[in-house]
Structure formats: C-alpha cells, structure tokens
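Biologist: Please show me how to read this structure, one feature at a time. I would like the general idea before each case.

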Amino acid sequence: MNFTRWSARFPGTQRRAARSDRGAAPGASSPKPPRRSPVPGAAQPAAPSGAPAPPPADDAERPEADPAAPTTAGTATGTTGAPPGAAPGSAVPAARAERSEAHTPPSGTALGSASGAQPPTVDVLSAHEILGTIPALVAVVYGPEHRIAYVNGAYAKVFGERPAGGTAREALPELAELGLLPLMDQVLRSRKPRTVKARKVPGGAGSDLSRDGYYTFTCTPIEVAAASTPAPDPEIACVAPHKGVLVFAADVTDQVEAAERLRAAERRQREAAVTLQRSLLPQELEQPDDLRVAAIYHPGGTDAAVGGDWYDVITLGAGRTALVIGDVMGRGVRAAAVMGQLRTAVRAYARLDLPPHEVLQLLDGLAAEIDASQIATCVYAVHDPNEGRLVYASAGHLPILVRDQDGTVHRAEEPTGPPLGTGGWLHTSGSVPLGPGSTAVLYTDGLVERRDKDIDEGIAALEHAVAGATGAPDIICDRLLRALGISNDHDDDVAVLVLQHPDRTGPEAELFHNAALELLGGTEAAPRARAFASGVLASWRFSPELHDLGVLAASELVANSLQHGTPPMRLRLRRTDRRLIVEVTDGDDHLPRRRRAEPVDEAGRGISIIATIASNWGSRRTPGGGKAVWCEFALPRE
C-alpha cells in the first residue's frame with residue numbers, strides 16, 4: 001500500500017497545472033517550470049528554437065536517490081517514467097525528495113530573486129514530509145476494519161510503534177479505549193469529519209507520557225491511493241482508491257490544565273464568598289412572641305458567583321417585629337461585603353424604631369457612601385400585633401405576598417421608591433393586612449427570575465405555590481424552592497423569608513391577652529390607670545411581685561404622659577407567653593429620655609424608675625402623630 005498520496009485536503013495542483021499546459025495555446029507565455037533533475041535513460045525535452053540550451057545539471061548537486069523512498073508507480077498523479085524518444089514537453093517524474101531539494105534555495109538566497117528560482121509548492125512535498133514533522137499525533141487507516149496505513153513519529157512516540165495492515169481494534173487499542181472506533185465508523189459511512197474534545201490519555205507504562213495528557217481527536221474522511229503491491233485486506237484489494245480515515249490528535253493538555261486551574265480558582269473564590277455570605281447572615285433568627293419565622297438562603301450553582309442576598313428579623317420591643325430582605329446587585333466577595341454593611345446598618349437604624357420609609361431613606365444615603373457603583377433592593381417591614389397589619393417600605397424590591405387564612409393571596413404593590421444607592425428620592429410606606437392565620441412571603445429575584453421568561457410569570461408561579469403551601473414556615477420555604485425549580489445548579493442565589501401570624505386556640509390562646517383603657521386626662525387619670533392595671537394583672541394570675549411591678553410601671557408611664565403629653569392618651573397591657581408589656585400613647589411627639597435627676601428636682605425620675613424595674617423599655621413616634629412609651633417584663637420560665 002502506497003500511503004504517500006492521499007486526498008484529505010491537498011489539492012491536485014500538479015494535475016491542474018498539467019491540464020493547463022496541455023490546454024494552453026502554442027506560443028502562449030507561461031511561468032517557468034521548476035527545474036527538475038533528469039532521470040537516467042529518459043529523453044530530455046528539446047529547447048525552444050532560438051533559445052540557448054540549458055546547462056547540464058551539476059552531478060555534484062544532484063541528490064542521490066533514496067533506495068528506501070516509496071515508489072510512485074500507480075499513484076494518483078498518474079506520472080511514469082517517459083520512454084526513450086518521448087515527445088518534447090512530456091512530464092518527467094523525479095523522486096519527491098529530489099524535487100524538494102531542487103526547489104530549496106541556497107542559504108542566504110531569497111525566493112523569487114533575480115536568479116529566477118520559483119518558490120516551492122505543496123505538490124513537491126510528500127505526506128511523509130508533512131505528517132512526519134508535525135507534533136500532532138496522526139494515524140491513517142483504511143477500510144471497514146480501519147487497517148493501519150500509516151502512523152507518524154509523534155503517534156508512535158506516545159503510543160508506541162504500530163504495524164501496518166493491522167486492524168485498529170487489535171493494533172490501535174488506545175483508540176478503542178478512548179471510544180473513537182464508533183466515531184471512525186460514522187465518519188467512514190457519512191464522509192463527514194467529527195471531533196471529540198479533550199480526551200484523557202493516561203500516562204505511564206507503554207507510553208512516552210510521564211503524566212496524563214489530554215488530546216482533541218479529529219477524524220476526517222480521506223481516500224488512500226492504491227499501491228503497486230496488493231492491499232493487506234483481500235476484500236478491498238481490487239478497489240482503488242481505498243476509503244479511509246485520518247485520525248488527527250492535537251495535544252491540549254496545557255489548555256485543559258489551565259482551564260482546570262481557572263475553575264479551581266473560581267471554586268475557591270466562590271467558597272470564600274459563600275463562607276463570607278453565610279457568616280454575615282443571621283446564624284439564628286430571632287423568634288418574636290406573636291410570629292413564627294423561618295428563612296432559607298440557597299447560594300448559586302458552581303457556574304454562578306454568589307450574590308449579595310440577605311435577610312434579617314429584628315425584635316423592636318412592645319411585641320413589634322421588623323423584617324428585612326434585600327439583594328445587592330453584583331456577584332462575589334464584594335457584593336457579600338456590601339451586603340454585610342447594609343445588614344448591620346439596618347439593625348442599627350431599626351433600634352431607632354423609625355417608620356419603614358425613614359429607615360430606607362437612611363439606608364439610601366449610606367449605600368451611596370459604601371459604594372457608589374453598586375445598588376441594592378430592599379424591603380423593610382414592621383409587624384405590630386395590636387394593629388394586625390404589616391407596614392412596609394420597598395426600595396425597588398419585588399412585592400410581598402400575603403396568604404390569608406382562606407388561601408387567597410395578595411400582592412403588596414403600593415408604590416414606594418427606587419433601589420438603594422440611587423439617591424434623591426423620598427420613599428413612602430404602605431401596609432397590607434396580616435391577621436391571625438395569615439402567612440407572608442418575602443423573597444429575592446433569584447426565586448422568580450428566569451432568563452427565558454418574564455419576571456411577572458415567575459411571580460405568578462410563586463403566587464400559585466404560596467396559595468397551596470401549608471405547614472410551618474420552614475416547611476413552606478422548602479416547598480417554595482421545589483415548586484419554583486431551585487436546584488444545586490441554579491444560576492442565581494435565593495433568599496426566602498416566611499412569617500406566620502398563627503391563629504391561636506385552646507390552651508395556647510390563654511397565654512395571649514390584650515387590655516386597653518382610654519385616658520381622658522385630669523387628676524383622676526392616674527388613679528384610674530392604677531386600678532385598671534391592678535385588676536387586669538390580677539385576672540391574668542401573675543405573681544404578687546410581678547403584679548406590683550406592673551402596676552408601678554403603669555402608674556409612672558401614665559404620670560409621665562399626663563405631665564409631658566397631650567390627649568388623646570391610652571394605656572395598653574399585653575401579655576404573651578414570654579413577657580408582660582405596658583404601653584402608654586399620647587398626642588405629643590416629643591420622645592422622653594433617661595437623665596440623672598438632682599436631689600432637689602421634683603421631676604425627672606419616672607423614666608429612671610422604669611429603666612430600673614423593667615427588662616426593657618423604649619419609645620417611638622406613632623404614624624398619626626404622637627408617641628408611644630413602653631416597657632416590658634420577662635415572665636419566669638416554668
């Protein structure tokens with residue numbers, strides 16, 4: 001089998017040139033053909049009339065014929081030695097090595113110089129010269145059993161020498177191990193090239209590789225020309241040319257290792273971001289007396305960086321609870337760091353017990369100071385069990401979903417304001433009912449946003465999931481993630497915060513009570529308040545010590561309101577399973593503060609007394625104008 005001629009991609013330049021010479025008009029000018037060494041015994045072409053005879057070739061410069069060079073008899077070019085007396089202009093064959101050397105200019109001579117030398121063409125190069133010098137792995141096989149026609153030195157260096165004529169399944173076991181034989185069958189049938197990328201080639205015994213390598217294999221259909229000797233396969237010996245496959249393997253080990261190093265660096269960065277993100281999120285949620293709360297954070301998959309999603313639950317005192325969820329635009333450690341700063345700021349501002357829109361107003365200015373190039377969305381909501389509503393403000397965040405006890409789902413979509421960090425906008429507060437038996441869901445865009453769908457479709461799907469989700473808040477969190485298709489390879493991180501206002505019945509309901517008294521002012525207000533508090537606390541069967549402390553706290557708060565406040569005034573007592581709360585509201589918005597009273601002062605000791613006897617105390621401005629001053633006592637654990 002002569003495999004020095006095959007038709008993978010090499011055009012038949014010499015054949016086209018010969019056809020052009022035969023078809024040219026006599027006397028037409030044509031490029032000077034390259035000089036070829038004469039073959040002994042062959043007739044030399046006659047020189048044109050009037051032209052000087054070409055000088056004889058220098059024997060010292062004529063290359064010796066290589067006895068090991070393959071014969072060109074029967075090749076696709078169809079050129080053979082011309083008999084004596086051949087007509088002038090007939091083709092004179094020469095060994096490929098001779099033609100290659102004849103067209104190689106001397107050292108220091110430029111191609112196309114005044115000497116008249118022409119640049120070499122592809123036709124003067126053999127398949128051996130091309131395939132034998134490239135660093136890629138090359139194997140040429142033919143026939144349905146993929147018998148070996150040729151393997152280059154690079155292939156033999158990696159996999160070892162391979163005998164010509166053997167079948168690929170027996171003589172090229174590495175191709176079978178790499179799963180290439182079915183691919184080669186497909187290429188042979190379809191005559192279309194196929195490529196498989198980055199196949200692992202194990203190193204070690206039987207291989208020149210000291211370590212594992214990776215190669216991209218391309219199988220290209222070719223035709224292997226018939227040789228002057230019979231083909232090893234009797235079934236295809238009569239067929240010429242033979243259909244075959246050129247297997248070309250490029251070493252991509254460096255690229256694969258570089259990509260793996262990059263992926264490892266990305267994994268380390270992602271792990272660092274996830275660790276930072278989780279460390280900045282609440283390690284354990286505060287559990288209010290009147291609400292059941294659960295949250296979940298799901299980081300993005302391996303192909304996605306971690307974002308800046310966060311959530312928090314903050315008890316404000318007097319039974320009120322602040323809930324917050326937000327999302328910093330951006331990915332990675334920087335977004336997580338900005339998230340941590342915003343979450344810390346939210347907790348600090350929440351302690352001021354401001355209305356939700358004022359908290360977001362403060363956050364807006366802080367976000368611009370932290371990083372002017374990043375913005376964040378956020379929802380800040382406050383639940384007051386005495387009002388049965390969720391008062392909230394949103395900075396460009398997705399709407400809160402509230403499910404009533406009968407399964408109806410509402411969106412809290414009142415207009416509020418743009419994302420944090422934009423500046424120059426006054427946020428406003430809205431409210432949505434949250435009575436006993438209701439459930440509210442706060443979430444980030446990773447739960448509902450998809451690349452191929454509108455975000456309103458995602459919110460509608462979440463509404464449907466919330467309508468059918470029942471059980472404890474932590475169970476609802478898991479169900480919502482499953483219903484929205486959140487998996488480990490999700491392309492964005494997700495935060496979900498679920499709160500329930502349970503509808504208490506039976507023995508549990510006996511632990512929660514409310515009582516209120518409207519105070520009209522005057523000298524009789526203080527005695528009425530003390531009598532009311534004493535009767536209510538006695539009916540709630542508190543211990544004598546806690547009863548007396550509650551009555552004293554109610555008396556001091558009412559006295560402070562009578563002296564410094566304005567009507568209308570109201571005394572409210574509230575009992576939960578964990579604390580007793582005493583609260584007085586009036587129409588003046590001046591907030592009291594604790595100060596040291598001098599011995600000669602007749603006033604200024606009421607708040608100090610409250611701070612001394614109570615577990616906690618505070619004050620806030622009420623939405624309709626005025627203020628509320630409260631204190632609470634922790635109930636003993638049974």
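Modeller: Two strands count as a pair if DSSP finds at least two bridges between them. Strands (E, at least two residues) and helices (H or I, at least four residues) are themselves DSSP runs, numbered from the N terminus. This is a predicted model, in which local features need pLDDT of at least 70 and side-chain atom pairs count only at pLDDT 80 or more, while totals for chains, interfaces and linings use all residues. Residues are numbered from 1 along each chain as its sequence is written, and side-chain values use heavy atoms, with hydrogens and water left out.

Biologist: How many helices and strands are there in the chain?

Modeller: The chain has 15 helices and 20 strands.

Biologist: In what order do the strands of the sheet with E7 come?

Modeller: The order is E7-E8-E9-E10-E13, an open sheet of five strands with antiparallel pairing. Strand E7 (308-317) and strand E13 (430-433) have a single partner strand each, so one side of each lacks a neighbour in the sheet. From one strand to the next, the twist averages 20 degrees. Angles here run from 0 to 180 degrees between N-to-C directions, and the axes are lines fitted to C-alpha atoms, for helices over the stretch in contact.

Biologist: Over how many bridges do E10 and E13 pair?

Modeller: Strand E10 (residues 389-395) pairs with E13 over four bridges, in the antiparallel sense. Tyrosine 392 is opposite glycine 430 in E13. Helix H10 packs on this sheet and touches strand E9 (376-384) and E10; the direction of H10 makes about 25 degrees with that of E10. Contact is taken to mean heavy atoms within 4.5 Å.

Biologist: What is the order of the strands in the sheet with E6?

Modeller: That open sheet also has five strands, in the order E6-E15-E14-E11-E12, with antiparallel pairing. Its edges are strand E6 (292-298) and strand E12 (409-412), each with a single partner strand, so one side of each has no neighbour in the sheet. The twist here averages 20 degrees from one strand to the next. Inside the sheet, strand E14 (residues 438-443) and strand E15 (residues 494-501) pair in the antiparallel sense over six bridges, and serine 438 has histidine 501 in E15 as its bridge partner.

Biologist: Is serine 438 buried or exposed?

Modeller: The terms come from relative accessible area: under 20% is buried, over 50% is exposed, and in between is partly exposed (1.4 Å probe, protein chains only). Serine 438, in strand E14, has a relative accessible area of 5%, so this residue is buried. Beyond residues up to four places away in sequence, serine 438 touches Val402, Arg403, Asp404, Gln405, Leu499, Gln500 and His501.

Biologist: Where is leucine 499, and is leucine 499 buried or exposed?

Modeller: Leucine 499 lies in strand E15. Leucine 499 counts as buried because its relative accessibility is 0%. Leaving aside neighbours within four places in sequence, its contacts include Leu291, Leu323, Leu390, Leu434 and Ser438.

Biologist: How much of the chain counts as buried?

Modeller: Of its 638 residues, 44% count as buried. Among contacts with a separation of 6 or more, 66% join residues 24 or more positions apart.

Biologist: How many residues of strand E20 are buried?

Modeller: Strand E20 (residues 627-634) is mostly covered, with seven of its eight residues buried. Strand E18 (residues 579-586) runs antiparallel to E20 and is joined to it by eight bridges, with alanine 628 in E20 as the bridge partner of threonine 585. Strand E19 (residues 616-621) pairs with E20 over six bridges in the antiparallel sense. E19 and E20 form a hairpin with five residues between them, and glycine 625 in the turn has a positive phi of about 95 degrees.

Biologist: How many cavities of 30 Å³ or more does the structure hold?

Modeller: Rolling a probe the size of a water molecule over the atoms shows where empty space is left. On a 1 Å grid over the protein atoms alone, a cavity is a set of points where a 1.4 Å probe fits but cannot get out, and lining residues have an atom within 4 Å of a point. Grid points are joined across faces, edges and corners, and a volume is the space filled by probe spheres set on the points. The structure holds three cavities of 30 Å³ or more. The second largest cavity has a volume of about 50 Å³. Its lining residues include Val328, Leu342, Ile370 and Asp371, and helix H9 (332-350) and helix H10 (356-370) each supply at least two residues of that lining.

Note on methods
1 Å grid on protein atoms, 1.4 Å probe; cavity = no way out; pocket = protein on both sides within 12 Å on 5 of 7 lines; lining within 4 Å.
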